[in-house]
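Let us walk through a protein model step by step. Keep the structure in view and find each residue as it comes up.

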Amino acid sequence: MSVNRAIIAGVGRCLPDYILTNDELEKYVDTNDEWIRSRTGISERRILKDPDKATSYLAEKAALEALEDAGVDASEIDAVILATVTPDYMFPATAALVQKRIGATKAFAFDLSAACSGFLYALTTGGNMIESGRAQKVLVIGADKMSAIVDYTDRTTCVIFGDGGGAVVLEAGDEGGIIDYVHHSEGDEACMLYQPAGGSVNPASSETVENRMHFLRQDGKSVFKRATEGMADVSLEIMERNNLTADDIAWLVPHQANLRIIDATARRMGLDKEKVMINISHYGNTTAATIPLCLYDWKEKLNYGDNLVLSAFGGGLTWGAVYLKWMKK
């Protein structure tokens, strides 16, 4: 009995026009270009300045481009999965707003929250739908307007994050596609990376607004240590499970959180830097959008049958890796 494989048939992206440089950030906080680049690898990031546009805008534009790239009409999509930590609203789901706008009339839609690991979680969720035969085409999106929850008086966070959206169309194929995945979670009781207010623990109030509790906060050193270990460990885990050597892998597609974390992951995998997708310098950390943005930027360099390892670590704590074979011609 043949098993459907979930292959990536199309890729799209949306990046805001406004570029926030390190030099401009010097006006807001005590920092400078050399300090930011040496610690993160980031030179600039994109910001969605228009107050009337939110995460759904980034997701919609990326989705439409992915559909066009795949040659698929929105009416053919069976499900829309949107990974984000900056939804337009607590509810309705931002995915449902996107589903309506793009005309995916037969699709059901939902948001998925796993922070920087969100796109990988969404990708494998969509892949499982296709492998089960319950869906033939699934739209998977990673999009975040991080500027909406970044405190631009906090230099430990405001230098890191940017806004962006990326999307892929998954469809059923005979071979290749998503081969294997590994996901891990560990409840962040220590609150190393979180948004203190806005949920049911600390509902919005004049006090939470005054204390700037609706912005994200992180313990940078702790997150860096856990992310460095987690991304490297899970990348090795997926290699060992599938008997992959460094020579077998065409590209590592890592979450773009920090250049030092990416470098450490590649070293543990035994990969040359030439086989690692890196665009953090221009976009910063766009949370759920980083991996699909990499796929978009490198799509002209990807060859049919290439082995890719996608790896991420994010708040939750969440981390994971996906092994897929690129089958887009």
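At 0% relative accessibility, Pro 292 counts as buried. Buried means under 20% relative accessible area, exposed means over 50%, and partly exposed lies in between, with a 1.4 Å probe and protein chains only. Pro 292 sits in helix 11, residues 290-297. Helices (H or I, at least four residues) and strands (E, at least two) are DSSP runs, numbered from the N terminus.

Before going further, note what kind of model this is. It is a predicted model, in which local features need pLDDT of at least 70, side-chain atom pairs count only at pLDDT 80 or more, and totals for chains, interfaces and linings use all residues. Residues are numbered from 1 along each chain as its sequence is written, and side-chain values use heavy atoms, with hydrogens and water left out.

Back to Pro 292. Which residues does Pro 292 contact, leaving aside its neighbours within four places in sequence? They are Val 11, Phe 119, Gly 166 and Ala 167. Contact means heavy atoms within 4.5 Å.

Next, find Thr 157. This residue belongs to helix 6, residues 155-158. Is Thr 157 buried or exposed? Thr 157 is buried, because its relative accessible area is 0%. Setting aside neighbours within four places in sequence, Thr 157 contacts Val 150, Asp 151, Leu 216 and Gln 218.

Follow one of those partners, Leu 216. Not counting residues up to four places away in sequence, Leu 216 touches Met 146, Ile 149, Val 150, Thr 157, Phe 161, Leu 193, Tyr 194 and Gln 195. Leu 216 also belongs to the largest nonpolar core, which has 41 residues. A nonpolar core is a set of buried Ala, Val, Leu, Ile, Met, Phe, Trp, Tyr and Cys residues joined through side-chain atoms within 4.5 Å. Leu 216, Ile 238, Met 239, Leu 252, Met 269 and Leu 271 touch the most other members of this core. Which elements give two or more residues to it? They are helix 8 (220-241), helix 9 (259-269), strand 12 (307-314) and strand 13 (318-325). Helix 8 gives the most, with seven residues. There is also a second, separate core of 37 residues, which includes Ala 122, Ala 135, Val 168 and Ile 178.

Now turn to helix packing. Two packed helices are described by the angle between their axes and the distance between the axes. Axes are lines fitted to C-alpha atoms, for helices over the stretch in contact, and angles run from 0 to 180 degrees between N-to-C directions.

Start with helix 8 and helix 9. Their axes come within 9 Å and cross at roughly 30 degrees. That makes helix 8 roughly parallel to helix 9. Angles under 35 degrees count as roughly parallel, over 145 as roughly antiparallel, 65 to 115 as roughly perpendicular, and the rest as oblique. On the helix 8 side, the meeting residues include Phe 224, Ala 227 and Met 239. On the helix 9 side, they include Ile 261, Ala 264 and Met 269. The residues of this contact divide into nine nonpolar, three polar and three charged. Here Ala, Val, Leu, Ile, Met, Phe, Trp, Tyr, Cys and Pro count as nonpolar, Asp, Glu, Lys and Arg as charged, and the others, Gly among them, as polar.

Compare helix 3 (residues 55-70) with helix 4 (residues 94-102). The axes of these two come within 9 Å and cross at roughly 50 degrees. That makes helix 3 oblique to helix 4. Ser 56, Tyr 57, Ala 59, Glu 60, Leu 64 and Leu 67 in helix 3 meet Thr 94, Val 98, Arg 101 and Ile 102 in helix 4. By class, this contact has six nonpolar, two polar and two charged residues.

Finally, look at the loops. Pro 92 lies between strand 4 (79-83) and helix 4. The peptide bond from Phe 91 to Pro 92 is cis, with omega near 10 degrees. Leu 317 is in the loop between strand 12 and strand 13. A cis peptide bond joins Gly 316 to Leu 317, with omega about -10 degrees.
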